[in-house]
Amino acid sequence: MSKSPTPDAETPQRVRITAESDATQSKRGRGLTIGIGAAVVLLLGAGAALATANAHQAPSQPSQSAIAQTGTPAAQLRLGYFANVTHAPAVVGVQQGLIGNALKAAGTGSLTTQVFSAGPAEIEALNAGAIDAAYVGPNPAINSFAQSKGQSVVVVAGVAAGGAQLVVRPGINSAADLKGKTLATPQLGNTQDVALRAWLAKQGYKTTPNGSGDVIIDPTDNAQTLKLFQAGKLDGAWLPEPWASRLVLQAGAHVLVDEKTLWDGSQTGRPGLFPTTVLVVNKKFAADHPQTVEALVKGDAAAIDWLNKTSATQKVQAVNDGLRAAAGQALPTDVVQRALDNITFTTDPLAGAYPKLLQDGVDAGVSKTADLHGLFDLSILNRLPGETKVSAAGLGQE
């Protein structure tokens, strides 16, 4: 049995960015949630439209590395992640000191963390300079890259694949039963939101970013989704883990679609796998502090390796310890175990899936066509001893 790594003596500073209180959410109402979502998509569309002009132009030169060869270690690294099982390498890596110790060994003074509840908000913080790096879903990373014409972020490693499902209430047994129903996603334009809209379109349903259409999609904070589903105010939700498992085990939902069944491996060579979480870094930070980025990638790889080698019991305990530290509470053991069973932790970002992810966002009306060349720089990851070389699928450095 593997032993848990010794926690870093210096506990990282944490700032929590979480959902509003139940009372505030109730006062605002669901209609305002959708209205705000529509405003967000307009901003996404306006920014991403800047990249549209170059959408059909192949780059004249191979993309240059986003990570410089020279620079200085950063005085600190400000890291964002979710208190989700799909972010377990961050949850465990921070709690057990794997990331902090790697940074310290590279000369970075301290690690500060912020806990988010959805990717678009996290990317906004990254673009605003409030954090330097983030564990995030692929679609928010794509949107940020497109809006900035490739200047905002770079994907430096994979984190997790799989672990997203459409779960629904009893009585809904097929796509045909969804007409007129209300479904939730974590946030407008996030990875699960795009996946749901793309799947519904293939079933012949029309949806819109403002919430109207054949099926109503109401972007809702995950914790609120659980409560609304339990109260009978939602018919289902497309969610990442552990929220899909929580609705199944704690609220009586059942799985209508497991997203892994929608990926045949033609884009990535790995059937059933699709990117759920990746590690991104602010591009300027990467250029100024390559040693710190390398240490972060090492810490990520170490956490993934630990999760893949440890026993199931120890893994559940470690994830719950990290969730308690990040979000203030642990989850029932059966929820964490079911969630972990649905996720593959891998440093491979599955770059070949990104053109499809982008097109799904375009088709859903929450993204604009863009050139993704330069989104990846996997050069540090592919230099790490013992790591299997992964592909950037022609979208960046390897």
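Leu183 stands opposite Ile217 in β8. That pair sits in a predicted model. Helices (H or I, at least four residues) and strands (E, at least two) are DSSP runs, numbered from the N terminus.

Ground rules next. Residues are numbered from 1 along each chain as its sequence is written, and side-chain values use heavy atoms, with hydrogens and water left out. Local features need pLDDT of at least 70, side-chain atom pairs count only at pLDDT 80 or more, and totals for chains, interfaces and linings use all residues.

Now the sheet around that pair. What is the order of its five strands? It is β8-β7-β9-β6-β10, an open sheet with mixed pairing. At the edges stand β8 (216–219) and β10 (254–258). Each has a single partner strand, so one side of each is left without a neighbour in the sheet. From one strand to the next, the twist averages 25°. Helix α8, residues 243–251, lies across β6 (164–168), β9 (236–240) and β10. It runs at about 135° to β9. For angles, axes are lines fitted to C-alpha atoms, for helices over the stretch in contact, and values run from 0 to 180 degrees between N-to-C directions.

Between β9 and α8 there is a loop, and Pro242 lies in it. The peptide bond from Glu241 to Pro242 is cis, with omega near 10°. As background, most residues other than glycine have a negative phi, and most peptide bonds are trans.

Lys149 is not a glycine, and its phi is positive, near 55°. Its place is the loop between α5 and β5. Leu350 is not a glycine either, and its phi is positive at about 55°. Leu350 lies in the loop between β12 and α13 (354–364). Is Leu350 buried or exposed? Its relative accessible area is 3%, so it is buried. The cut-offs: buried means under 20% relative accessible area, exposed over 50%, partly exposed in between, with a 1.4 Å probe and protein chains only.

On to β5. 10 of its 10 residues are buried. Seven bridges join β5 to β11, and the two run antiparallel. Ala160 stands opposite Thr277 in β11.

His87 is in the loop between β2 (76–82) and α2. At 2% relative accessibility, His87 counts as buried. Leaving out residues up to four places away in sequence, His87 touches Tyr81, Phe82, Tyr135, Val136 and Thr277. Contact means heavy atoms within 4.5 Å.

Helix α4 covers residues 119–127. Which of its residues are buried? They are Gly119, Pro120, Glu122, Ile123, Ala125 and Leu126. Their cover includes β2, β3 (110–116), β4 (133–136), α5 (138–147), β5 (153–162) and β11 (275–282). After α4 comes Gly129, with a positive phi near 85°.

The axes of α2 (88–95) and α11 (312–327) come within 8 Å and cross at roughly 80°. That makes α2 roughly perpendicular to α11. The classes are: under 35 degrees roughly parallel, over 145 roughly antiparallel, 65 to 115 roughly perpendicular, and the rest oblique. Ala88, Val91, Val92 and Gln95 in α2 meet Ala318, Val319, Asp321, Gly322, Leu323 and Ala325 in α11. By class, that contact has seven nonpolar, two polar and one charged residues. Here Ala, Val, Leu, Ile, Met, Phe, Trp, Tyr, Cys and Pro count as nonpolar, Asp, Glu, Lys and Arg as charged, and the others, Gly among them, as polar.

Finally, the whole chain. It has 14 helices and 14 strands. Of its 398 residues, 57% are buried. Among contacts with a separation of 6 or more, 78% are between residues 24 or more positions apart.

And confidence. pLDDT, the predictor's confidence in each residue from 0 to 100, averages 86, and 83% of the residues score at least 70. Residues 1–11 are below 50, with 26 contacts beyond near neighbours in sequence. Residues 16–63 also stay under 50, and the model has 67 contacts for them beyond four places in sequence. Where pLDDT is low, the predicted coordinates should not be read in detail.

Key:
Pairing = 2+ DSSP bridges.
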